Amino acid sequence: MPEASIIGLRRHLLRTIAMFGDLDDTVLTELSQHSVTRRLEKGSVVFREGERPQALHYLVAGQVKRSVCNSDGDEKVIEVFLPKHFIGDAELFSGRLCRSRAEATCDGVLLSIGKDALLTLLGRS
C-alpha cells in the first residue's frame with residue numbers, strides 16, 4: 001500500500017479518537033506521519049518497567065494487560081485495557097519512567113504516536 005494511503009488511514013483513525021477529533025487536517029496529517037500502526041501478537045510487549053516512554057499508545061483491537069512483578073518474580077496484573085483506550089499516557093505526559101509492563105494478552109492492533117511529534121503538535125494547536 002502506498003505511503004500516502006497508509007497516512008490517510010492513520011489520519012482517519014486519529015479523527016475517531018476523542019482527544020484528536022477536533023484537530024485540523026494539517027495537524028492530523030503530521031501526527032499520522034509520526035505514527036506507527038502495528039499488529040500485536042499474544043505476548044508482545046508494548047513497554048517494560050523502567051523504560052522511558054517514547055510514544056502514546058492507543059489500542060485499536062485486542063487486549064493488553066499492565067502488570068508488575070514483586071521481588072519473588074510473582075506477577076500482579078494492575079490493569080487490563082480493551083480497544084479504544086490509551087496505554088501509558090500518564091507516564092508519557094508526566095515524564096516518569098514506566099512503572100509497569102504492558103503486554104498483549106491476545107492478538108490485536110496498536111497505534112503508537114511518537115512522543116516528540118505529539119507534544120510539539122499539540123502545543124501548536
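Residues are classed as buried under 20% relative accessible area, as exposed over 50% and as partly exposed in between, with a 1.4 Å probe and protein chains only. The structure is a predicted model, in which local features need pLDDT of at least 70 and side-chain atom pairs count only at pLDDT 80 or more, whereas totals for chains, interfaces and linings use all residues. Numbering starts from 1 along each chain as its sequence is written, and side-chain values use heavy atoms, with hydrogens and water left out.

By the accessibility criterion, Ser-32 is buried, with a relative accessible area of 0%. Ser-32 is found in helix H2; helices (H or I, at least four residues) and strands (E, at least two) are DSSP runs numbered from the N terminus. Contacts, defined as heavy atoms within 4.5 Å, join Ser-32 to Ile-7, Arg-10, Arg-11 and Leu-14, not counting residues up to four places away in sequence.

Nonpolar cores were examined next, a core being a set of buried Ala, Val, Leu, Ile, Met, Phe, Trp, Tyr and Cys residues joined through side-chain atoms within 4.5 Å. In soluble globular proteins, nonpolar side chains tend to be buried together. The largest core here has 16 residues, of which Leu-14, Ile-17, Phe-20, Leu-31, Leu-111, Ile-113 and Leu-118 touch the most other members. At least two residues of this core are supplied by each of helix H1 (3-15), helix H2 (25-33), strand S3 (55-61), strand S8 (108-114) and helix H4 (115-124). The largest share, three residues, comes from H2. A second, separate core contains 11 residues, including Leu-40, Val-64, Ala-102 and Leu-110. Leu-111 has contacts that include Leu-14, Ile-17, Leu-56 and Val-60, not counting residues up to four places away in sequence.

Salt bridges require a side-chain nitrogen of Lys or Arg within 4 Å of a carboxyl oxygen of Asp or Glu, and four are counted by this rule. In one of them, Asp-25 pairs with Arg-15, the closest N and O atoms being 2.4 Å apart. This pair links distant parts of the chain, with Asp-25 in helix H2 and Arg-15 in helix H1, 10 residues apart. Asp-25 is partly exposed at 48% relative accessibility, and Arg-15 is partly exposed at 32%.

Lys-65 forms a salt bridge with Glu-75, with the closest N and O atoms 3.1 Å apart. Lys-65 lies in strand S4 (residues 64-69) and Glu-75 in strand S5 (residues 75-81), so the pair ties together parts that are 10 residues apart in sequence. Lys-65 is buried, at 15% relative accessible area, whereas Glu-75 is partly exposed, at 41%.
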